[in-house]
Structures are given as C-alpha cells and as structure tokens.
Amino acid sequence: MTDGIAKSRTGIDGFDELTLGGLPTGRPSLICGSAGCGKTLFASTFLINGARHYGEPGVFVTFEERAVDIVDNVESLGFGLQQLIDDSRVLIEHIAIDPSEVAEVGDYDLEALFLRLEYAVDQIGAKRIVLDTIESLFSAFQNPAVLRAEIRRLFDWLKQKGLTAVITGERGDGTLTRQGLEEYVSDCVILLDHRVDQQISTRRLRIVKYRGTAHGTNEYPFLIDEDGFSVLPVSSLGLGHMVFEDRISTGVADLDAMLSGGGFYRGNSILVSGVAGSGKSSLACMMADAACRRGEKALYLSFEESEAQAVRNMKSIGTDLGRWLTSRQLRYIAARPTFYSLEMHLAVILREVGRFRPDVVVLDPISAFLGNGQLGEVQSMLLRIVDYLKSTGITGVFTHLAHGQETQTDAGLSSLMDAWILLLNREAHGEFNRELYLLKARGISHSNQVREFVMSNDGIHLLAPYLGANGALTGSARRSEEARLRRAESERRVEVARLQGEIAQRRARALAQIEALRAEIDADASELQRLADVENDYLRQAAIDAEAMAQSRGIDHAPGITK
C-alpha cells in the first residue's frame, strides 16, 4: 500500500475503498455500536471472505452464541460457512463465561484464554481472528484496574501473534465502548449506528480512527440484506463526468427529429417533468425500451408502479417490456419511497447500478422523495445520483411530477440536467390535450415548437404544430379546424371548377364565333376573287372582240386598244 501500512481486504463492498485497502494487517480493529447494528455480521463477513477469497484462515471466538447459531445466522446469505469449517479454513470457538462462576482472586488474569486462543489459531494456521463480543469476555471483572490491564494485555497479545483481529463491542454511555478503553488501544475503530427517524430506520458507518493511513471520515449508509453487508462511499463522488459524441434515440422518432442530429448525447441526464397523467412514465419507458432495442441494458427504478402494472400499461401503446425483462436486458425495481430513508434509497440505487451495470437508468419519479425528508437532503441525494451516473457514462432519465405549467422543479435539479422535456396538459373546448415542449438540450440545436403529444396503439407521436387564428390548436379544436378547412377547401375547389367550366364554355363560344367569322371572311375573299376573275375575263374577251371587229373593218386596231 502507498500508506506504508499493510492492509487486509475485508471483501465488503465499498468498505475497502473507504479504507484504501481494508483493515490493518496484524493489528486489532474495534467494531462498536448498539445492539442490532450489524457488528457480528461485519466480523463474520471479514473472516469468511478472508478464508474464501484471500487464503487467510480464521478463528471466530464467540462468547455469547453457540457455533451452530453462528453458522445458521449466516446461512441465508449464502456464505457457506459450514463448508469452510469442514475444510479447516474457519474454526468457531465458543467460550462461555458466567460471571457468577468466576471470582477475581489474587493475580487472576486471561492466561488460560490466551492458551486456548493460541491452540485454535495453530490448529488451522489462522491469519485472522474475531472476538465477539468483548463485553462478555470482561463481564467477570469487577476491579477496574485489573480490567484495563487485561484489555491492554489482550490487544498486545493479538499484535504479538500477528493476527488481523476484529473485536466487537457494545456502545457505552457517552463512550464508544462499555469500558471506554478499547477504542484507545485499537489501531482502527469502526462505529456502526442504527437510528430511526420518522419511523424509518437507517444504518450508518463511520471510521472513527485509523492509525497511519488516510481514510474516509464521513458517515456512510450501509445495507444488510440478502447479499450481506455492503457500504457505499457516496460522499467521495467527484465531478469527473464522462462525455460522449454519439447520440441515442429516445424511442420516439418525432422527438428525435426535434433534436439536430437526432436524439440526445449518450451519458446525458434527462429530466421529464409534467403534471399527473401527462405521459411522463410512458415516455420514460419508451427510452428504456429503446435502450433494450439497441442491445443495451436498462435499469428502471419505480416508486409508484409495480413491474406487472408497468408491463400491462405499456402494452396499450404498443410497447412490450415483458420480453426485455425475460431476456434480462431490463431490470425493474419497484419500492415505496417511505420504505427506506433517503440515504438507504441512495445506497440501494447506487448498489443496483453498480451490480447491473446498465446503459440507461430511469428514476420514476424523483418527486416521490420530497415527502421523505428535508428539501436540502433530497437535493443532496439526487445530486449524488446524477453525479454518479454522469461519472460512469450512464444515461439518466428522471421523471418529476410538476404542478401546473411550471418551469422549475421542487427538487431543484433542473440546472443539473443536460436536457429537460416539459409535458403539459391543456384544457380547451371541454377536453384535456397533451403537449410536449423541449425546454433545453445542452450542446444540441433543437426545435422550440410546442408539439401535440399523442399516445396510440402504435406508440407515441408528436404532431407538428398547428396554428389557428387564436394560437396553437390541439385535440378536437384542431380536428374541428382541420375539418372546417377541408370543407372550405372542397368548396373552393368546386367554385374553381365551376369558374373554370364557365370560362371554358365562354372560350368555346368565342372560338366558334371566331371560326364563323373566319369562314365569312374566307367566303368574302373567295367572292372577291371570283368577281376579279370575271372582270378580268370580261376585259380580256372585250379586248379580243374589239380587235376582231377592227380587223374585219380593215382598221389597224380597235379604238382604245393599244397594241
């Protein structure tokens, strides 16, 4: 380690990251807290993971529960403790101490305990050891001086043996432990806390001290569930956001077309806000469906609808989420906002994202958390989620229940979002109609038009804006206006056809008159030509007759006739 201190990994999700490697090797660590906070489970996980994953056998020394009880308690977590015991990688040593049967006489000490522990350690070559709990061990001591001396002696003995030890202790009144000494002689002190606020329980972990190394100092929520003990270092999230150039589809072709280049940037955080019934969840489901269609994975976190309900409802708009659930491309998690505290919700969400590794995450709706804590706490939680998704390159879709046509959110996240889709319900002519407005899309040129948002059996469609005399029209008003215009257009076409017919008729009559006049002109021209020809024939014949007459009279030529 760069710290200069050897560390032993616990295998507990998140804890080894907080401590930069785990617990100090060859030194005692104290795990303290009130009853039910998870001390024994933490110690068991440390011991079992050491034997299973890190090749370090361990001894579990219990002063309260029997060995069979320890095995049964962790069996539901799938640790396989009994198999480790059979393989001589874990040894459980139950030492029962009854204070009524023990009396401090002279130099009474724990020498017999050390011999028993040494035998157990040598029996399996243990590298790790757990003492659960130290109060039971020292319950027989009434002399404070002897008690403090023996505590120090125990810790020194563990160090001399080079054992990586975890010692559990009950929290005292105003001190971390009952005796108030263990925290001072331990090299690492972990405080587990289980508190209840407004009937909601939260478990938190804090590293009180860790000699010789840097470590996280904040309180961190941790989970105890079917997967065991896990810690999420949410406060260490930074601003190293990943940036992508490729676009991803929203699953609504008309919405993609409103964005220059088509779709949003991968890794963007997209806010979908609107009043109840405006289509927020349907649009979010379409985005998850689009991710699955691309061969990616989507994680849907719902705080209002169950999985079966969402699958059924989306079928009404031609989208089958069930097939993606079957193929495990889609993971749907439904939980009531009041089921956990805010920090526990945050821990669960980040843990599920880390395990499933989705490409798209949907939180529907984030406004559900507003009744679960103070506004500042909700904003802090959501900020951490947004930062985590952006730092891991995951596209986030957040729905938010708005009140009216507002352009701000109660959760105060609008400024953190890369894109904001605003859904509206407008009342006009006795009906509500849905509208969509792309309020912002960072780094993308986009349409500023309000589109009518229509859901039908074949999906979601955005109708092009339709402007009437009094503004944009939607729903039946739009259809009525379109029908009126169709009628007007039909009447206009009939009138045009009528006028065209009349003009054609007048033109035909005019052409006929022109033809008749042309025929008369041609007849007159023919008549004139005939008369001219007759006149010419007459003159020619008269000249011939005159010439013949003149010749018959012996006249050189007829008068008036020039040869």
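Predicted model: local features only at pLDDT ≥ 70, side-chain atom pairs only at ≥ 80, totals over all residues.
Q: How do the residues of the lining of the largest cavity divide into nonpolar, polar and charged?

A: The lining of the largest cavity has six nonpolar residues, three polar ones and one charged one. Among the residues that line this cavity are Ile-248, Phe-264, Met-287 and Val-397, as well as Ser-249, Thr-250 and Arg-294. The space inside comes to about 70 Å³.

Q: How many cavities of 30 Å³ or more are there?

A: The count is two. The second largest cavity holds about 40 Å³ of space, and its lining consists of Ser-44, Leu-47, Ile-48, Phe-60, Ile-70, Leu-81, Val-90 and Ile-92. The elements giving two or more residues to this lining are α2 (39-53) and β5 (90-94). Seven of the lining residues are nonpolar, one is polar and none is charged.

Q: Which element gives the largest share of the lining of the second largest cavity?

A: That is α2, with three residues.

Q: Let's turn to charged pairs. How many salt bridges does a search of the whole structure find?

A: For a salt bridge, look for a side-chain nitrogen of Lys or Arg within 4 Å of a carboxyl oxygen of Asp or Glu. The search finds 26 of them here. In one of these, the side chains of Lys-161 and Glu-118 meet with an N to O distance of 2.6 Å. Lys-161 sits in the loop between α7 (144-160) and β7 (164-170), while Glu-118 belongs to helix α5 (residues 111-124), so this pair ties together parts that are 43 residues apart in sequence.

Q: Are Arg-266 and Glu-296 buried or exposed?

A: Both Arg-266 and Glu-296 are buried. Their side chains meet in a salt bridge, at 2.8 Å from N to O. This pair links distant parts of the chain, 30 residues apart: Arg-266 is in the loop between β13 (264-265) and β14 (269-274), and Glu-296 is in the loop between α10 (280-293) and β15 (298-302).

Q: Which residue forms a salt bridge with Glu-352?

A: The partner is Arg-331, and the closest N and O atoms are 3.2 Å apart. Glu-352 is in helix α13 (residues 342-356) and Arg-331 is in strand β16 (residues 330-334), so the bridge ties together parts 21 residues apart in sequence. Glu-352 is buried, with a relative accessible area of 8%, whereas Arg-331 counts as partly exposed at 35%.

Q: Is Cys-37 buried or exposed?

A: Cys-37 counts as buried, at 0% relative accessibility. Cys-188 also counts as buried, at 0%.

Conventions: Residues numbered from 1 in each chain as written. Heavy atoms only, no water. Helix = DSSP H or I, 4+ residues; strand = E, 2+ residues; numbered from the N terminus. Buried < 20%, exposed > 50% of the residue type's maximum accessible area, 1.4 Å probe, protein only. 1 Å grid on protein atoms, 1.4 Å probe; cavity = no way out; pocket = protein on both sides within 12 Å on 5 of 7 lines; lining within 4 Å. Points joined across faces, edges and corners; volume = space filled by probe spheres on them. Nonpolar A, V, L, I, M, F, W, Y, C, P; charged D, E, K, R; others polar.
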